[in-house]
Number of protein chains: 2
Amino acid sequence: MNAEIIAVGSELLLGQIVNTNAQFISRQLADVGVNVYFHTAVGDNPNRLKSAIEIAEKRADLIIFTGGLGPTKDDLTKETIARHLNTDLQMDDDAFTSIEKYFNRTGRPMTENNKKQALILNGSEVLPNEHGMAPGMIYKKDERLYMLLPGPPKEMEPMFLKFAYPSLRSKLGSSEVIASRVLRFFGIGEAMLETEIEDLIDGQSNPTIAPLAGDGEVTLRITAKHADLQVAQQLIDETEEKIRKRVGEFIYGYDDSSLMEELIKLLKEKELTIAAAESLTGGMFQQEFTSIPGAGSRLKGGIVCYTNEVKANILQVKEETIQTCGVVSSECALEMAENAAKLMNADVGISFTGVAGPDELEGHPVGTVYIGLYQKGKKTKVEKLNLGGSRAANRIRSIKYGCYFLLSYIQES
Amino acid sequence: MNAEIIAVGSELLLGQIVNTNAQFISRQLADVGVNVYFHTAVGDNPNRLKSAIEIAEKRADLIIFTGGLGPTKDDLTKETIARHLNTDLQMDDDAFTSIEKYFNRTGRPMTENNKKQALILNGSEVLPNEHGMAPGMIYKKDERLYMLLPGPPKEMEPMFLKFAYPSLRSKLGSSEVIASRVLRFFGIGEAMLETEIEDLIDGQSNPTIAPLAGDGEVTLRITAKHADLQVAQQLIDETEEKIRKRVGEFIYGYDDSSLMEELIKLLKEKELTIAAAESLTGGMFQQEFTSIPGAGSRLKGGIVCYTNEVKANILQVKEETIQTCGVVSSECALEMAENAAKLMNADVGISFTGVAGPDELEGHPVGTVYIGLYQKGKKTKVEKLNLGGSRAANRIRSIKYGCYFLLSYIQES
């Protein structure tokens with residue numbers, strides 16, 4: 001089965017947003033072995049959309065549309081497809097009820113054009129929208145599938161995973177199974193990793209090994225095809241084993257995990273609570289920590305100490321430390337981590353102090369970061385980073401390094 | 001002039017990377033008044049690339065290719081276009097010298113396939129690559145322009161801005177200038193906004209008015225074309241005035257601004273410092289605040305009080321409040337905001353407490369949020385939200401509402 005993804009929305013063609021939907025869907029389709037040969041983006045224009053549909057019909061069995069299901073006049077994906085396929089639109093009761101509920105819950109009045117969102121292509125399978133109003137749908141005609149999904153990624157992604165993907169798999173009735181596993185690395189660069197395992201990448205076709213780098217991390221995706229899922233998994237296991245023998249020390253997790261999730265897993269396992277003191281990261285560590293549902297029970301709380309005053313008065317960093325060593329120092333980082341944990345009555349403490357940029361601080365160049373680590377009954381530890389990136393990159397990398405260091409610090413006996 | 005952007009690379013169709021190039025180029029083209037009607041992404045496959053070129057030739061005067069100019073066998077953009085246009089490839093001396101220099105500088109040996117990168121379509125205008133090896137080029141045939149750009153954004157973007165854009169402008173000999181302005185709204189839904197100004201959207205062609213929604217915000221982009229930039233600006237002013245008369249109270253800023261940036265601007269103007277107490281948002285307010293360079297000087301610091309223990313011990317919320325009213329209450333929010341400000345010696349305090357989800361808390365449904373507002377010498381205020389989204393959406397919207405409420409709270413006399 002070959003697919004084409006058509007994104008509908010003038011905001012894409014004006015460069016106001018980037019087409020992350022095509023990426024998300026492509027990745028999912030790659031996992032089930034559906035080949036994506038084309039992505040198209042077209043504006044909110046019925047004629048051009050119609051021509052895009054006609055072209056896609058010549059080259060794809062599955063056409064996935066994203067966007068244009070909203071309440072406004074610009075939103076014309078459904079209408080254009082209905083006209084093109086000579087079918088009509090019908091009110092879907094479940095979708096209508098769900099839209100009504102949304103308005104009742106938020107206390108806002110429902111307008112006439114909101115009702116339009118509950119219209120579906122007559123005879124299509126409805127994909128419920130649990131994070132917004134417009135339902136998605138799958139329509140079949142002449143052995144070709146038309147899948148319509150909403151544009152906002154926050155609505156589209158969960159809808160795809162929960163409803164579209166299972167429906168698609170069952171329709172495929174695929175005999176060959178595709179299994180894949182992502183190995184996540186930290187502390188090794190992409191070029192170095194690729195050099196270490198170049199012969200494995202070149203020498204294998206099943207499984208394949210594909211490296212990808214981003215945000216200071218590198219991942220390897222191992223993908224195997226086989227009629228028997230267990231055999232596919234075993235092929236992956238063998239390849240992982242070969243990779244681990246060479247660069248296993250840099251592997252920290254699998255698939256969609258993150259350093260933060262691994263840290264939270266470890267804290268849960270060891271029944272430890274944590275507190276944080278954040279200067280240059282301004283709350284990012286705690287924000288990311290608490291973005292994971294259920295993780296909150298591990299976090300006692302923390303202090304964002306952007307000023308020296310707060311470092312001294314609330315976090316009780318010694319005046320002497322601030323005056324003699326400065327706030328960009330290992331001494332300050334250590335006190336911040338230990339004091340945060342003690343103040344909040346937590347088992348573990350982590351601190352971030354340094355220079356995010358764009359300006360220098362206390363004579364230290366941009367990218368100088370100290371990370372303090374504390375655990376009850378253990379010797380405190382500090383790690384220093386010299387990052388060379390932008391303000392945003394320095395903050396994000398500090399958090400990743402912090403998780404990485406803390407993971408091994410807690411595991412040390 | 002109408003343009004189509006064709007991205008070449010199987011990594012796009014596998015979802016390994018997102019097509020930011022299309023966004024970047026589209027935004028630049030919008031600024032010079034070139035209409036982009038389609039984006040296409042196609043894999044490293046000569047037949048499918050050829051068919052994409054044929055389709056684009058039917059609907060665009062300017063076809064911009066990104067990617068496929070590298071040294072490997074996969075890279076076949078130039079070769080496919082050359083064959084399709086019946087032209088040959090020729091070694092470009094300047095490009096070759098520049099590649100040689102690159103290898104000398106890095107001390108690596110130059111391989112045979114690197115030389116391939118210096119080949120250009122015979123007769124094309126070369127766009128130098130100052131951040132990599134493959135040069136770009138512009139080729140003209142039958143009044144149609146073919147622009148070839150490298151795939152990596154770090155090479156493509158500076159090449160586009162420095163060489164492609166000026167060349168394009170001079171080729172256009174454009175007399176018409178395009179000006180646009182984005183109005184940013186908060187507190188009004190997309191459907192409601194459109195209902196209020198429907199006649200303006202429908203009745204105008206110059207300027208045009210285009211709405212866009214996302215993350216609880218709505219924007220309107222007003223775009224005007226005219227030979228005289230001043231007249232175009234004036235047309236925009238007039239349209240903005242008409243819109244303001246109807247829904248002006250919901251406009252909070254222009255263009256790329258954000259509620260957080262507007263809040264920081266106001267704090268700077270009034271020389272106020274701020275402190276935050278964050279429960280459900282887990283540090284997100286402060287993280288976003290400090291992500292803006294220079295904003296840090298307005299933030300004294302804050303407390304992330306994820307546990308009742310920290311709310312009571314560090315933030316000094318009265319035990320009685322927690323026991324009688326609960327932590328999801330206006331009383332708790334008010335104490336949090338006021339105490340944070342006083343503890344940190346800040347002029348203004350803001351607090352977030354509530355239920356991010358996925359589970360209920362203290363019998364309150366997911367999405368119940370209290371935002372406390374405090375300013376020295378002013379009566380404290382609390383705002384309640386009933387959000388209906390996911391955990392992530394509830395946190396993001398809480399921050400936006402927090403900024404929105406605080407903006408008007410500070411402005412109240």
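Before the first selection, one cut-off: a salt bridge here is a side-chain nitrogen of Lys or Arg within 4 Å of a carboxyl oxygen of Asp or Glu. Also keep in mind that you're looking at a predicted model.

**Stop 1: the interface.** Select Lys73(A) and Glu198(B). They form a salt bridge, with the closest N and O atoms 2.8 Å apart. Across the interface of chain A and chain B, the rule finds four salt bridges, along with 26 residue pairs in polar contact. On the chain A side, strand 2 (residues 35-42) supplies the largest share of what touches chain B, seven residues. Colour that side by class and you get 30 nonpolar, 28 polar and 13 charged residues. Now widen the selection to the whole contact: 71 residues come from chain A and 73 residues from chain B. The area buried between the two chains is about 5,800 Å², with carbon and sulfur atoms giving 57% of it.

**Stop 2: strand to strand.** Show strand 2 of chain A together with strand 2 (residues 35-42) of chain B. They run antiparallel, joined by five bridges. Pick Phe38(A) and look across: Val42(B) stands opposite.

**Stop 3: Ser26(B).** Go to helix 2 (residues 20-31) of chain B and click Ser26(B). Is Ser26(B) buried or exposed? Its relative accessibility is 0%, so it counts as buried. Leaving aside neighbours within four places in sequence, Ser26(B) is in contact with residues of chain A, including Leu12(A) and Gly15(A), and with Ile5(B), Val36(B) and His39(B).

**Stop 4: around helix 10 of chain B.** Start in the loop between strand 12 (251-254) and helix 10, where you'll find Asp255(B). Its phi is near 50°, a positive value in a residue other than glycine. Most residues other than glycine have a negative phi. At 36% relative accessibility, Asp255(B) counts as partly exposed. Move on to helix 10 (residues 259-269) itself, whose buried residues include Leu259(B), Met260(B) and Glu262(B). Just after the helix, Glu271(B) takes a positive phi of about 55°.

**Stop 5: cis peptides and one more loop.** Select Asn206(A) and Pro207(A): a cis peptide bond joins them, with omega about 5°. Pro207(A) sits in the loop between helix 8 (190-203) and strand 10 (208-214) of chain A. In chain B, Gly357(B) and Pro358(B) are also joined by a cis peptide bond, omega about 5°. Finish on Glu362(A), in the loop between strand 15 (348-354) and strand 16 (368-375) of chain A. Glu362(A) has a positive phi near 50° and is partly exposed, at 39% relative accessible area.

Terms used. Residues are numbered from 1 along each chain as its sequence is written. Chains are lettered from A and ligands numbered from 1 in the order in which they are written. This is a predicted model: local features need pLDDT of at least 70, side-chain atom pairs count only at pLDDT 80 or more; totals for chains, interfaces and linings use all residues. Side-chain values use heavy atoms; hydrogens and water are left out. Contact means heavy atoms within 4.5 Å. Buried area is the accessible area (1.4 Å probe) that two parts lose on being put together, summed over both. A polar contact is a pair of N or O atoms within 3.5 Å; within protein, one must be able to donate a hydrogen and the other to accept it, and residues adjacent in sequence count only if both atoms are side-chain atoms. Helices (H or I, at least four residues) and strands (E, at least two) are DSSP runs, numbered from the N terminus. Ala, Val, Leu, Ile, Met, Phe, Trp, Tyr, Cys and Pro count as nonpolar, Asp, Glu, Lys and Arg as charged, and the others, Gly among them, as polar. Two strands pair if DSSP finds at least two bridges between them. Buried means under 20% relative accessible area, exposed over 50%, partly exposed in between (1.4 Å probe, protein chains only).
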